[in-house]
Each structure stands twice: as C-alpha cells, then as structure tokens.
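Here's a quick tour to read with the model open beside you.

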Amino acid sequence: MAEATAPAIGLLAGNPDKRRLLTEVLQHFGYRVSFCADPGQLDCQRLASINTDAWLLELPEESALSDWLLEHSAVPVLLGAGEIPAPDSEDYPRWERRLYNKLLPLLGPAPAGQLPSMLTVSDAITDSQPVRPPARCVWLLGASLGGPAAVKVFLDSLPADLPVAFIYAQHIDAGFEERLPGIIGRQNDWRILNCVAGSALHNGDVLVAPIKRSLSFSPEGRVRLSDTPWPGLYQPSIETLLDQVGDAFAPACGAIIFSGMGEDGVQACRRLRKQGVEVWTQDPNSAACSVMPEAIMAAGLSSRQGTPVELAAALQSWLAQEWPVAL
C-alpha cells in the first residue's frame with residue numbers, strides 16, 4: 001500500500017528536538033506527518049488549511065493554536081506525548097507503547113508501520129482489529145476545585161482495558177481547558193479526547209466536556225455539540241450532563257462526584273438514583289474541597305464513598321459483576 005494512504009498526523013511541537021524525535025517515532029509507526037515545522041510560523045487561518053487525520057500537540061500552556069484546535073478541529077486532538085525517555089532506557093518502550101495505544105484508536109494501524117518494541121505479535125494482531133467496541137457502559141466524572149488531581153489518581157489506579165468509557169465534566173476556566181487531557185492522561189493508558197461532533201464513545205475513552213460549547217448525545221450515543229452556552233452558573237454544567245448521560249446510556253451508566261465547590265448536580269443525581277443508577281462520591285476527607293461530594297451525600301444520594309484509589313477498585317469490581325462476559 002502506498003505511503004500516501006497511511007493516516008496523517010499534524011505535529012505541533014515548539015521544541016525542535018522534541019519535534020524531531022516525535023516525527024521519527026510517528027514515521028516509525030508508519031504514519032504520515034502532515035505538518036512538523038515550527039508552529040511559530042502558523043496562525044489559525046493557516047492551521048485550518050492543513051489537511052490531516054489527527055493532531056498531536058506539544059505546546060506551551062498558553063497557546064492560541066491549541067485553543068483554536070480544541071474549539072474548531074474536525075479531527076481528534078491528542079494533547080501531549082509526555083516526556084520522552086532516553087531511547088536506551090527501560091522506560092522508553094513503555095512510553096512508546098503508550099503513545100502508540102493512544103494513536104491507534106484515533107487513526108487505526110498504519111499499513112507499513114513497525115510496532116513499538118514492547119508490543120508482541122499477538123498484541124499487534126489484537127490491536128489491529130477493531131478492539132475498541134462502542135462503550136457498553138458510560139460513567140460521568142464530575143468535579144470542580146481539586147478535581148484534576150483526584151480524577152488523575154482515579155484513572156491512574158484503573159486499568160484502561162475495562163469495558164467502560166468516561167465523560168469528564170470539570171468546572172474550570174476556559175484558558176485551562178487545553179491542559180486537562182495532558183494532566184490527567186500523562187501516566188496512564190486511557191485515551192483522553194476532546195469532543196468531535198458525530199463521534200462515538202468507545203471502551204477506554206475519557207471524553208472531556210467542553211467549556212464554551214454544550215454537549216449532548218444522540219439516541220445512538222454519538223456526540224452532539226452546540227454553540228448554545230451551558231445553562232446555569234457552571235461551565236460545563238454537571239447537572240445537564242448527568243441528565244444527558246442518563247437519557248442516552250441508562251441503565252448502563254453511573255456517576256462519580258469528586259472534589260469541588262458548589263452543589264451542581266444534586267437534582268440530576270436524584271433523578272439518576274430514581275432510575276436505579278449508581279452515584280458515588282469522593283470521601284470528603286480525601287477531597288481538596290468537600291462541598292460538592294458532601295452535597296450529594298447530605299441529600300442521601302451517594303451509594304458509595306471512597307478515596308479516588310478506593311473508588312477505582314470499587315468500579316473495577318462493579319464492572320466485573322455487571323459485565324462478567326466483557327471482562
């Protein structure tokens with residue numbers, strides 16, 4: 001198969017050495033690199049003209065290009081490949097495989113690529129198949145102040161090959177939004193994704209709810225985006241998203257409310273509990289800000305409490321019980 005048929009990745013990396021190393025790794029995997037020049041040469045208009053199948057970003061925290069892509073890109077955007085270990089270190093194969101496993105569900109295997117060094121032949125056969133079925137079970141992770149740290153510990157403690165997908169609703173300033181996927185996905189194998197209209201959730205996905213656009217789901221569970229602002233005081237609205245998850249995925253869904261300020265989500269949690277849906281909360285003693293989980297608990301709506309590590313273990317057990325064939 002000709003190289004031109006290989007999936008294309010646009011690489012935006014400000015550091016020249018990292019840009020060179022990532023280009024070599026991506027080409028080693030068999031992908032085409034559709035852009036790898038200095039991103040300082042780009043503006044948003046030029047960025048929109050680049051034809052690619054996905055973007056990989058390694059940019060400073062404050063970047064107009066990142067902001068533009070997260071809001072307007074019609075293709076997936078992966079934020080951060082992590083620090084690249086020395087090629088002769090024992091950490092390098094794990095980093096290489098982690099990157100490959102995040103690219104594979106977005107682009108599929110490249111026709112002429114070479115597998116990461118830690119990937120066995122049997123793994124390659126498995127990974128080349130559509131092993132990411134549409135998620136049979138979807139949980140919402142809701143958080144505010146102190147949420148990113150708690151959610152990261154939760155995901156780091158949970159294997160990424162479970163039959164579940166997450167929607168992550170984090171009250172946060174829009175200027176911080178582009179950093180979230182890199183923060184919570186840096187040291188785990190979950191695929192942290194920004195929203196693309198029409199896409200479906202798959203096992204192993206963590207879909208980050210946008211700040212400036214409202215998110216909903218079609219009857220088939222596909223992503224819908226609207227320029228209509230979120231209702232209420234909070235962006236995104238956990239209350240709204242809990243209802244959306246219940247409408248689209250119940251009874252195969254649940255919610256975990258982590259550290260945060262405010263009472264966003266209490267009434268929607270009540271509606272979920274009436275449907276028999278699980279609602280869990282972070283133990284207030286382990287939360288940087290306990291107001292949000294305590295509001296759920298005070299209303300009698302929390303069916304389980306725990307630290308992020310304990311909640312991860314509990315969810316793994318719950319999935320083994322509810323979806324034994326899938327596990």
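A residue is called buried when its relative accessible area is under 20%, and exposed when that figure is over 50%. Keep in mind that this is a predicted model.

**Tryptophan 95**
- Look for tryptophan 95 in helix α4, which covers residues 91–107.
- Is tryptophan 95 buried or exposed? Its relative accessibility is 5%, so tryptophan 95 counts as buried, given that buried means under 20%.
- Setting aside neighbours within four places in sequence, tryptophan 95 touches Leu22 and Val25, and also Ala81, Gly82, Glu83, Ile84 and Pro85.
- For isoleucine 84, eleven residues away along the chain, the C-alpha atom sits 7.1 Å from that of tryptophan 95.

**The sheet**
- Seven strands make up an open sheet with parallel pairing, and the order across it is β7-β8-β6-β5-β11-β12-β13.
- At the edges you'll find β7 (191–194) and β13 (304–306), each with pairing on one side only.
- On average, and ignoring direction, neighbouring strands here are turned by 20° against each other.
- As background, strands of a sheet pair through backbone hydrogen bonds, in either a parallel or an antiparallel way.
- Which residue of β11 is the bridge partner of leucine 141? That's isoleucine 256.

**Helices lying across the strands**
- Helix α6 (residues 147–156) lies across β5, β6 (165–170), β7, β8 (205–208), β11 and β12 (278–282). Against β6, helix α6 runs at about 165°.
- Helix α9 (residues 266–274) lies across β11 and β12, and its angle to β12 is about 135°.

**Two cis peptide bonds**
- Glutamine 235 and proline 236 are joined by a cis bond with omega at about -5°. Proline 236 belongs to the loop between β10 (223–226) and α8 (238–249).
- Alanine 250 to proline 251 is also cis, with omega near 5°. You'll find proline 251 in the loop that links α8 and β11.

- Leu145, Met261 and Val291 make a nonpolar surface patch of about 260 Å².
- Of these residues, leucine 145 sits in the loop between β5 and α6.

Terms used: Residues are numbered from 1 along each chain as its sequence is written. This is a predicted model: local features need pLDDT of at least 70, side-chain atom pairs count only at pLDDT 80 or more; totals for chains, interfaces and linings use all residues. Side-chain values use heavy atoms; hydrogens and water are left out. Two strands pair if DSSP finds at least two bridges between them. Helices (H or I, at least four residues) and strands (E, at least two) are DSSP runs, numbered from the N terminus. Axes are lines fitted to C-alpha atoms, for helices over the stretch in contact, and angles run from 0 to 180 degrees between N-to-C directions. Contact means heavy atoms within 4.5 Å. Patches are made of residues with over 30% relative accessible area and no salt bridge: like charges are joined within 9 Å, nonpolar side chains (Val, Leu, Ile, Met, Phe, Trp, Tyr) within 5 Å. Accessible areas come from the Shrake-Rupley method with a 1.4 Å probe; for residues, only the protein chains shown count as cover. A salt bridge is a side-chain nitrogen of Lys or Arg within 4 Å of a carboxyl oxygen of Asp or Glu. Buried means under 20% relative accessible area, exposed over 50%, partly exposed in between (1.4 Å probe, protein chains only).
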